[in-house]
Amino acid sequence: QLALVESGGGLVQSGGSLRLSCVSTGAIFSRSAMGWYRRPPGKTRELVATITDGHRTLYGDSVKGRATISRDNDRSTITLQLDDLKVEDTAVYYCHDLKWDTWGRGTQVTVIA
């Protein structure tokens, strides 16, 4: 059974950086497009970034120029590097397997001024 587990969230000061990781188990990871999404407080879930099995990337407008998504197929892991953090980056960040439409449980990121 496919499972996604996120890690790396926490409390960060604005202007800082964070690195989120998501480990996938139970599927052939290399064949899946993967993504990061987030749900800010009181808002709907939004795209942060996606990466295809061919390593093609796509970024949401709110993080363009500040985010880098990458994948390590040997470790069945995707990571999200987010720099120059802003208070509005505060959200629960979710890992998503686009091929199997499976979500992780999320990791909280809180950015303080």
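This is a predicted model: local features need pLDDT of at least 70, side-chain atom pairs count only at pLDDT 80 or more; totals for chains, interfaces and linings use all residues.
User: What pattern does the protein chain follow when read along the sequence?

Analyst: The pattern of the protein chain is β-β-β-β-β-β-β-β-β-β-β, with zero helices and eleven strands. Helices here are DSSP runs of H or I with at least four residues, and strands are runs of E with at least two, numbered from the N terminus. Residues are numbered from 1 along each chain as its sequence is written, and side-chain values use heavy atoms, with hydrogens and water left out.

User: Why is Ser32 called buried?

Analyst: Its relative accessibility is 0%, and buried means under 20% relative accessible area, with exposed over 50% and partly exposed in between (1.4 Å probe, protein chains only). Ser32 therefore counts as buried. In the protein chain, buried residues make up 42% of the 113 residues.

User: Where is Ser32, and what joins its side chain to that of Asp97?

Analyst: Ser32 is in the loop between β3 (18-25) and β4 (34-39). A polar contact of 2.9 Å joins the two side chains; the term asks for a pair of N or O atoms within 3.5 Å, and within protein one must be able to donate a hydrogen and the other to accept it, while residues adjacent in sequence count only if both atoms are side-chain atoms. Not counting residues up to four places away in sequence, Ser32 also touches residues including Ile51, Arg71 and Trp100, a contact being heavy atoms within 4.5 Å.

User: And why does Ser7 count as partly exposed?

Analyst: Ser7, in strand β1 (residues 3-7), has 39% relative accessibility, so Ser7 counts as partly exposed. Leaving aside neighbours within four places in sequence, Ser7 is in contact with Arg19, Leu20, Ser21 and Thr107. The C-alpha atoms of Ser7 and Arg105 are separated by 10 Å, although these residues are 98 residues apart along the chain.
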